[in-house]
Amino acid sequence: IIGTSARARDPLGTPLPVHRCGQCGSLDTRPTDESLKCSVCGEEMRAFSLYQPEGFRTIYSQPDYDDSHITPMYAGYSELSTNTELGQETRLHGVSLRLLEQAEVVAVNDNNRKLFDLSRQSDGSVVAQNRDLYRRPLPEFMRTGGQALDPAAIGEVRRTDVLLLGLDGLALPDGAVATLPWACPAGKGALLSFAELLRNAAKEYLDIEQSELEVGLQPTRSGATVSARVFLADALDNGAGYALELGASPTFERLLTSIRDATGKRLREGPHGVACTSSCPGCLRNYENRFNHWALDWRLGLDVVDLVLGRSLDLSRWSDRTAALMQSFADGYGPHLRIEQHTVNGLPALVSPEGRGAAVVIGHPLWRHEDAHWNPEVRRAVTELRGRGLSQVAVSDTYVLDRTPIKLFNALLEGT
């Protein structure tokens with residue numbers, strides 16, 4: 001509930017016009033009422049208003065404290081608008097570095113794309129009427145009284161220093177990590193994991209608290225590939241100088257090297273490499289990124305570090321994990337469908353010889369799934385499997401095998 005404020009008569013303040021792309025997630029804060037097409041993927045963008053509340057108030061009730069019902073509430077994450085002025089670029093291996101002083105960082109809470117149904121009360125305060133926001137009904141005068149306002153989002157707009165990283169010179173198609181889920185399901189998770197590795201390294205280098213730096217993604221396009229830039233922003237208004245210091249080329253390269261060597265060795269070897277299959281509080285997870293825990297994977301983060309440093313992907317990093325997942329898949333789905341594990345042109349594959357036959361080639365998580373972007377290894381494996389007379393040959397990766405194995409099972413069923 002947005003309350004009255006001694007600083008302003010209107011607790012909502014002036015609305016900021018926002019356009020959001022439902023496909024790639026781009027945010028545009030240009031002051032226009034006209035509909036916009038996304039500059040990244042070309043889709044129509046949804047327009048809504050964003051308010052930065054002056055303060056909040058209670059609902060005038062005193063329920064007994066009980067934390068059993070409390071669940072983490074989504075409050076938005078830091079974003080950069082696609083219309084942000086990019087400034088001067090410095091190249092370092094496969095990445096471009098841009099230092100943005102006093103850039104506008106936006107945090108949007110749009111109630112999981114549903115927006116807030118707002119009404120203004122007689123005392124000037126504003127109430128969100130969405131019933132699913134409250135454990136018990138609002139007082140009747142709050143539900144029935146007041147003037148209805150247009151649905152809107154709430155959030156925060158602040159200016160601070162930002163280090164913006166363009167990952168557009170990598171050893172991948174179009175030089176970038178694809179982030180649309182049907183092109184590369186692991187793409188967004190890889191960039192988020194890379195961002196968290198960077199934040200952890202920066203925290204140690206600067207000797208600061210993790211919460212003093214924010215990380216995020218800014219959707220962009222590299223050639224024909226929808227991808228995203230990674231940014232690190234000072235958490236304080238007007239900046240604390242951290243992002244500017246990290247953006248110096250020698251410092252940034254030192255951070256990347258320390259992640260590849262020291263952090264990478266710690267994550268791969270010893271108890272962590274055995275126990276942590278994707279991410280944990282000991283590597284990437286923390287309270288601030290709790291809504292991205294599903295996507296984080298330390299192997300993906302290290303893969304992006306290699307690519308940014310101008311190296312190729314290290315396929316051996318995934319070999320043990322892939323073998324374990326394939327065995328679990330065969331054990332779990334074996335009673336329902338005959339499944340064989342093969343190695344084809346050096347790549348693992350799941351094959352079901354029943355009926356007309358089907359197979360799924362298991363590639364690296366950052367390899368593209370679309371036919372036009374198959375690399376030579378995948379294309380040769382698919383050609384060999386088709387040459388065996390299999391009617392259906394699909395391409396997937398270890399990330400999908402881990403997170404959504406039913407997709408691979410359905411692909412194998414198509415050949416029966």
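# A tour from the aromatic cluster outward

Start by selecting F329, Y333 and F409, which ring pairs link into a cluster. The model on screen is predicted.

**The aromatic cluster**

A search of the whole structure finds two aromatic pairs. In one of them, the ring centres of F329 and Y333 are 4.7 Å apart and the planes make an angle of 45 degrees, so this pair is tilted. Both residues belong to helix α7, where they are four residues apart, about one turn of the helix. An α-helix has 3.6 residues a turn, so residues three or four places apart point the same way. The cut-off for buried is under 20%.

How are the rings of Y333 and F409 arranged? Their centres lie 4.5 Å apart with the planes at 20 degrees, so the pair is stacked. Y333 is in helix α7 and F409 in helix α10 (residues 405-413), so the contact ties together parts that are 76 residues apart in sequence. Y333 and F409 are both buried.

**Helix α10 and its cover**

Which residues of α10 are buried? They are L408, F409, A411 and L412. These residues span an arc of only 160 degrees around the axis, which puts them on the same side of α10. To see what covers them, display α7, β14 (347-352), β15 (358-363), β16 (392-397) and α9 (398-403), which are included in the cover.

From this group, pick α9 and go to T398, which lies in that helix. Is T398 buried or exposed? T398 counts as buried, with 2% relative accessibility. Leave aside the neighbours within four places in sequence, and T398 is in contact with W318, R321, T322, L325, I362, G363 and P365.

**Charges over rings**

W318, one of the contacts of T398, is the next selection. R299 lies over the face of W318, at 5.8 Å from the ring centre. For another arrangement of this kind, select Y287 and R290. The charged end of R290 sits over the Y287 ring, 3.9 Å from its centre.

**Salt bridges**

Switch to the charged side chains. How many salt bridges are there? The count comes to 23 salt bridges.

Begin with R317 and D306, whose side chains meet in a salt bridge with an N to O distance of 3.1 Å. R317 is in helix α7 (residues 316-333) and D306 in helix α6 (residues 298-308), so the bridge ties together parts that are eleven residues apart in sequence. Are R317 and D306 buried or exposed? R317 is buried, and D306 is buried too.

Next, select D132 and K114. They form a salt bridge in which the closest N and O atoms are 2.8 Å apart. This pair links distant parts of the chain: D132 is in the loop between β8 (126-128) and α1 (140-144), while K114 is in the loop between β6 (95-109) and β7 (118-120), 18 residues apart. D132 counts as exposed at 52% relative accessibility. K114 is partly exposed, at a relative accessible area of 47%.

Then move to R260 and D261, where the side chains meet in a salt bridge at 2.9 Å, N to O. D261 is partly exposed, with a relative accessible area of 39%.

To finish with the charges, select E89, R91, R98 and D168 together. A network of salt bridges links these four residues.

**The sheet of β7, β8 and β9**

In what order do the three strands of the open sheet lie? The order is β8-β7-β9, with antiparallel pairing. β8 and β9 (147-148) are the edge strands, each pairing on one side only. Zoom in on β7 and β9: these run antiparallel and are joined by two bridges. Select R120 and look across to β9, where Q147 stands opposite.

How values were computed:
Residues numbered from 1 in each chain as written. Predicted model: local features only at pLDDT ≥ 70, side-chain atom pairs only at ≥ 80, totals over all residues. Heavy atoms only, no water. Buried < 20%, exposed > 50% of the residue type's maximum accessible area, 1.4 Å probe, protein only. Phe/Tyr/Trp six-rings, centres within 6.5 Å; stacked < 30°, edge-to-face > 60°. Lys NZ or Arg CZ within 6 Å of the ring centre and 35° of its normal. Arc of directions from axis to C-beta. Contact = heavy atoms within 4.5 Å. Pairing = 2+ DSSP bridges.
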